[in-house]
There are 4 protein chains.
Amino acid sequence: MDYFIIMRFKIGCVLSYEVYISSTFIFNISAEKNEYQNILKEKLTVDPNLQIKEFIAKNNLTRSHMLFVEQGKFDIAYEAEVEISSVVHNVDDAAEIHTTKLPHNVIEYLYPSRYCESDKLIRITQKEFANIPSGFSRVTAICNWIYENVEYLFGTTGNMTSAYDTVAERAGVCRDFAHLGIALCRALGIPARFCSSYAYGLNPPDFHAYFEAYLGNSWYIFDPTRLAPQTSFVKIGTGHDAADLSFATIIGNAEMKNIEITMDSISTDENNNIIEPKFTTKPITSGHL
Amino acid sequence: MDYFIIMRFKIGCVLSYEVYISSTFIFNISAEKNEYQNILKEKLTVDPNLQIKEFIAKNNLTRSHMLFVEQGKFDIAYEAEVEISSVVHNVDDAAEIHTTKLPHNVIEYLYPSRYCESDKLIRITQKEFANIPSGFSRVTAICNWIYENVEYLFGTTGNMTSAYDTVAERAGVCRDFAHLGIALCRALGIPARFCSSYAYGLNPPDFHAYFEAYLGNSWYIFDPTRLAPQTSFVKIGTGHDAADLSFATIIGNAEMKNIEITMDSISTDENNNIIEPKFTTKPITSGHL
Amino acid sequence: MDYFIIMRFKIGCVLSYEVYISSTFIFNISAEKNEYQNILKEKLTVDPNLQIKEFIAKNNLTRSHMLFVEQGKFDIAYEAEVEISSVVHNVDDAAEIHTTKLPHNVIEYLYPSRYCESDKLIRITQKEFANIPSGFSRVTAICNWIYENVEYLFGTTGNMTSAYDTVAERAGVCRDFAHLGIALCRALGIPARFCSSYAYGLNPPDFHAYFEAYLGNSWYIFDPTRLAPQTSFVKIGTGHDAADLSFATIIGNAEMKNIEITMDSISTDENNNIIEPKFTTKPITSGHL
Amino acid sequence: MDYFIIMRFKIGCVLSYEVYISSTFIFNISAEKNEYQNILKEKLTVDPNLQIKEFIAKNNLTRSHMLFVEQGKFDIAYEAEVEISSVVHNVDDAAEIHTTKLPHNVIEYLYPSRYCESDKLIRITQKEFANIPSGFSRVTAICNWIYENVEYLFGTTGNMTSAYDTVAERAGVCRDFAHLGIALCRALGIPARFCSSYAYGLNPPDFHAYFEAYLGNSWYIFDPTRLAPQTSFVKIGTGHDAADLSFATIIGNAEMKNIEITMDSISTDENNNIIEPKFTTKPITSGHL
C-alpha cells in the first residue's frame, strides 16, 4: 500500500570565501546519489579553477569534495536538477525494532555523539516519551515536543551548541532541532541519524537539517522544524550529527563572505503548471541505506 | 490572620577530618540567630582545642566559624536547642512584587549566580510558568514541576552540578532541587535565595537545602523535595546559592572522614508527649530578613 | 612611599532602546562615588522623561538606576567629569593575606560565582601559579598568563561564557579576561572581584571590565587585557562577577539599538596641554572599599 | 629498518551483573582479530547460558557481542591467549600527512566527536603545539603535555567528562587522557582515534584506553598515561571515542556488581623464563587498518 511521491527540483548554491592562508576545504554541498534521488544533471565549478577531489565517506553516500586553495578570493558553485522519489508508508510499517534485531550497521546510530548526548538525557526522555505508543507515534511525539518547547530563533546558538544545551536553553535553528530529535530517539533505543539537505521554501534560503529514525527496517524522515515539506528534501548526506556533515570544513584559515542558495520546483502537471511540494504527516522514507 | 507554629528541636552534628596539611576551615553549621529562631542553648567544640573565630557575613545572619588546623585528626561538634516560630500566611499575602517596588537589598537575588544560571533558563520558564497565576501559586507550581520532573537520587550529581545541568539531566539531591527552584524563580523576575538548614526526619540524616522566594514583602519558604516539614527547618543561613553556604570550606588539604547529624523534636503537648512537626501546603515564612 | 596620580576625565554614554513591552530597566552606568573618585559634575537624562530611582546595592558603592519604561523608543544618556586619584604602592605592600586574617566582608570574594568557577580550576592554578612568589608577583603572573594564552577577540563569546569556557577556548573580550583572572585568584585563596568602568583609549569605545585582588589590606587593580592605563579607570562598580554588574538589566522585552561611549582626558599640564594617562606596571589601588 | 617485537599474553575478564529488567547487552571485551594480533585461543562464556550474537561494526574490526538477558544474575567471562606483533618504526616514517593526501576512510577521524570537541580547542593547540616539529615529535609533545598537566586520579571524572572538561579540570583516568590526546591531534589536523584494550601491569587491573594517530600511512600508538608498555596492548577495538567502544552498553536496567581483569605474559626466553614487556619511546604501530 506504499506509494511514491515524485518531485523534481533545481537546486544551487554559491559560496564565496576570502582565503587568508593556503587551506584545505572539504565541501558537503552536492546531492547524494541514491536509488530514490536521481540526479538529472549537475555542475560543480570553482573560481579560480582548481583540481577537485571527489570522495565518498565509507559510512554513507555523501559525496565530499576536497580542494587545496591558495590565499586570495575563492568561489564554489553547485547546480543540479534532481528527481526525488519519496515513499509514503503506513504508520504500522514504522514500528520500533528490538535492539537485538537491528542490522549491525545501524547500531552505531544508537550511541551518543558530539552534538547528541543521549547518555545525558535518559530521564527527560523516560518522563516525556516512555508512555507514548512506540514507533512512528513516539518519534512524532518527540518532534511535536521539540516544536512546542523550542523556539526557532537565529543567532542564539552556534556550532558549539548541543542537544544538552537545547534542552535547557530552548532555542535554536534546524540543526539544533535535529540534534535534539536524534538525542531523544537514541535515549529511547531508537537509532537516529543527522541529514543535511536542500529544502523547498526556506526563508531566508539556506541549507537545511533534519533527522531520520530507524523504524520497520527503513530510515524514516522527521523534521521537528515544520519549515519545509519532507518531499522536497534533496539530501546532501547523513551522519551521526552535524560534526560529520559540515557543509564546509576548512583546515587552514578562510572566511565565508557570502552564501546564496536557490531552490525551485520544476515538477509540472498535465497543464505544464509548476507543482509545489506539500506537507504531509504520513511516514516518509527516501533513500534508506 | 497570620498565625504562628512554634516548635522546639535539639540538633547536633559531628564532623571528623583527616587534615593533610595545615588548613583554614570555614564552617557554616550553627543555627542562625534571628527573630523567629530562638537559640535556647548551644555548644561548639573542637578537638584538638583551637581558637575559633566567629563572624557574620554582611549579606545575611549566617554565623561562620573559622579555624586554622594543623596536620592530623580534627573533629568539630555542634549541639543546640532551638525554638522556631513559623508564620503561616494567607495565600493572598504572598503576591509577586513589581521589580521597581522591590527593596534594594532584595534586587541582588534576581541575578544569576554560580549554580543558578537563570539567564540561560528564560525560555523554559516562560513556557512552563508564564501562564500560571502569579505569586504563591506560581512558585508552588515551580516546586511541583521540579518534584514531578526531577528524580531524587544520590550519587549522580556533585558540587559541579548546576540548575542548567539539572534541567537536562533530571536527577539530583536537595541542593540541586533548591538551585533549580531559585533559577526558575529568578528567570520569572521573582527574587530567590538559597537556604541551608537542619531538617527533621531526613533519611539518612544530613544537612538540608531549600529556598526562599520574595513575595509580599517577606521571604517565603519553598522545598521542592517534600522531604521534611517546613516548620522543622532550623536555618543555618541564606545566600545566593550553595557557593555562599558550603557547610565546610577548606583552604588547604583535608578530607572529611565522617559526618553525623542528629535532630529530635523536643516540643511537647500538655501530656508531655513529643509533638512531631507536620507538613503543610500553606505559605510559611521564618526569619524574613 | 606611596604616591598619587591624579587625572581628570570627561565621560559619557548614550544608550538607545526599542522597548517592545513595558519593561523595568536597571542601569549600572554612572561613576561610583568613593574617596578616590571625585565626581566634579554629572547629568543623567532619559527620553521620554521618566522618573528614575537611584539606589545603592548593599555590597558596594555602585549607584544603580531603575526605571519603568513603556513600549516605544527610549534613550538614556549619562555625562560626567570625574577626578581619579590612583595610589601607587610598593610591590611589598601588596602581599597575600592569610585566609584567617582576611576582613570578614572580603571572604565572600573567595567563593566561586556564576562566571568564575574557581572550584573547577584548582589544578590548573596549582600547576601554573603555585610556585610563583606570592602577592603582587603572583597576580601579575596570572594576568600575564591570560594575556599570553587568551586571544582578545570579539564575537566568539557571549553572556553565557564563563572562566571555565575561557580556559578551554582561549578567546574572549575584557569581561572574559577579568572573569578568568578572578577565578584563578580565588582558586589560589586570593579574594578577587569584578569591576566595570569607563577606560581611556578603547578602540572601539566601549565599557570596560577589569578585576581587583585583595592584597595587603587593599583592593589592587589588575587588567589582563593591557588595553587601557589603570589610572584611567572610572569605576562604575564592583561585584562578584558580571552577573552583579550588567550595565543594563531588562526585565521585560527591549532591544538595544545603539550605544555610544565617549571619554576624554581633561587633565592639563602647566602649559594647558592635555595630559594623556600612561600605562604602569606598579601596584595601583583606587577606592578600596 | 622497521622491526617487530612479538609478545604473547593470556588475558581474561569476568563481569557480573544484577539484571533488574530484561535488557540487551552489547559487550566490547574480546580481542580484535587483525594481522598483527593473532588469537591463539579464546573462550567466551555466559551464565546463564544464552545465545550470543557476534557482529563486527563496519568501521573497524571490533567484535561486538550482543545478548538479551532476563531479570536475575548474569555473568560473562572472556579468556584468550594472544600473540601481538608490534612494529617499531623510525621516527622519520611517522610524518604528518597533508589533509588532501589522507585516505578517504581516515578523514572522519579529523572531525570532533562526543568526547573529543576538537572544534573548541583550536586555540590552545595552536598556542602549545603549532611550533613543535610536525609528525611523531608533535604527537609525542601532546602526550607529554597531558602527562605533565593532567593528574591521573580516580573518582573525579565519569562518563560525562569530555576533553573540554579535562583541559579545564586537569584530572582524569586513561579514557580522559586518550580523549584529550585525540582532541588536540584533530585540532591540529592529525587524524586520531580511540582504542580500548587489555594492558599489562595496570594497578588495579582494569581495561585500558589509549589512542592512535595517523602518521606516515599508518596508525601509530600513543598513550599519555605512561601506565603500561605499548607492546602489551591487546586491542579490543577502535572508534571515534569511548562512545563507540563502551565495554558494556546496556539497553534496559542492570548494574555491574563485580569486574575482574587478569593479564599475564606467556612469552618466554630460551631458558623458559617469562619475558616482561618493556616501555619504549620509539614509534610503534600495531594492526593499522
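How many residues of domain 1 of chain A are in contact with domain 2 of chain A? In this predicted model, the contact joins 14 residues of domain 1 of chain A to nine residues of domain 2 of chain A. Domain 1 of chain A comprises residues 3-85 together with 246-265, and domain 2 comprises 89-234 together with 280-284. The centres of the two domains of chain A, taken over C-alpha atoms, are separated by 24 Å. On the side of domain 1 of chain A that touches domain 2 of chain A, two or more residues are given by each of strand S1 (3-27), strand S5 (72-88) and strand S12 (248-265) of chain A. By residue class, this side of domain 1 of chain A holds ten nonpolar and four polar residues, and no charged ones.

The contact between chain A and chain D takes 26 residues from chain A and 26 residues from chain D. On the side of chain A that touches chain D, strand S3 (53-56), strand S4 (63-69) and helix H1 (104-107) of chain A each supply at least two residues. H1(A) provides the largest share of this side, three residues. The composition of the side of chain A that touches chain D is ten nonpolar, eight polar and eight charged residues.

A further contact, between chain D and chain C, takes 13 residues from chain D and 13 residues from chain C. Helix H2 (122-129) and helix H4 (163-169) of chain D are the elements that give two or more residues to the side of chain D that touches chain C. The largest share of that side, four residues, comes from H4(D). Six nonpolar, one polar and six charged residues make up the side of chain D that touches chain C. Other pairs of chains lack a contact. Chain A and chain C do not touch, their nearest C-alpha atoms being 10 Å apart. Likewise, no contact joins chain B and chain D, and their closest C-alpha atoms lie 10 Å apart.

H2(D), one of the elements on the side of chain D that touches chain C, also has buried residues, namely Ile124(D), Thr125(D) and Phe129(D). Seen down the axis of H2(D), these buried residues fall within an arc of 100°, so they line one face of the helix. The cover over the buried residues of H2(D) includes helix H3 (136-149), H4 and helix H5 (174-187) of chain D.

The largest nonpolar core has 307 residues, of which Ala213(A), Ala213(B), Ala213(C) and Ala213(D) touch the most other members. For Ala213(C), leaving aside neighbours within four places in sequence, the residues in contact are Val139(C), Cys185(C), Ile190(C), Pro191(C), Ala192(C), Tyr220(C) and Phe222(C). In soluble globular proteins, nonpolar side chains tend to be buried together.

Key. Residues are numbered from 1 along each chain as its sequence is written. Chains are lettered from A and ligands numbered from 1 in the order in which they are written. This is a predicted model: local features need pLDDT of at least 70, side-chain atom pairs count only at pLDDT 80 or more; totals for chains, interfaces and linings use all residues. Two residues are in contact if their C-beta atoms, placed from the backbone, lie within 7 Å. Ala, Val, Leu, Ile, Met, Phe, Trp, Tyr, Cys and Pro count as nonpolar, Asp, Glu, Lys and Arg as charged, and the others, Gly among them, as polar. Domain bounds come from an automatic or database domain assignment. A residue is buried if 20 or more other C-beta atoms lie within 10 Å of its own, exposed if 12 or fewer, and partly exposed in between; C-beta atoms are placed from the backbone. The arc is that of the directions from the helix axis to the C-beta atoms. A nonpolar core is a set of buried Ala, Val, Leu, Ile, Met, Phe, Trp, Tyr and Cys residues joined through C-beta atoms within 7 Å.
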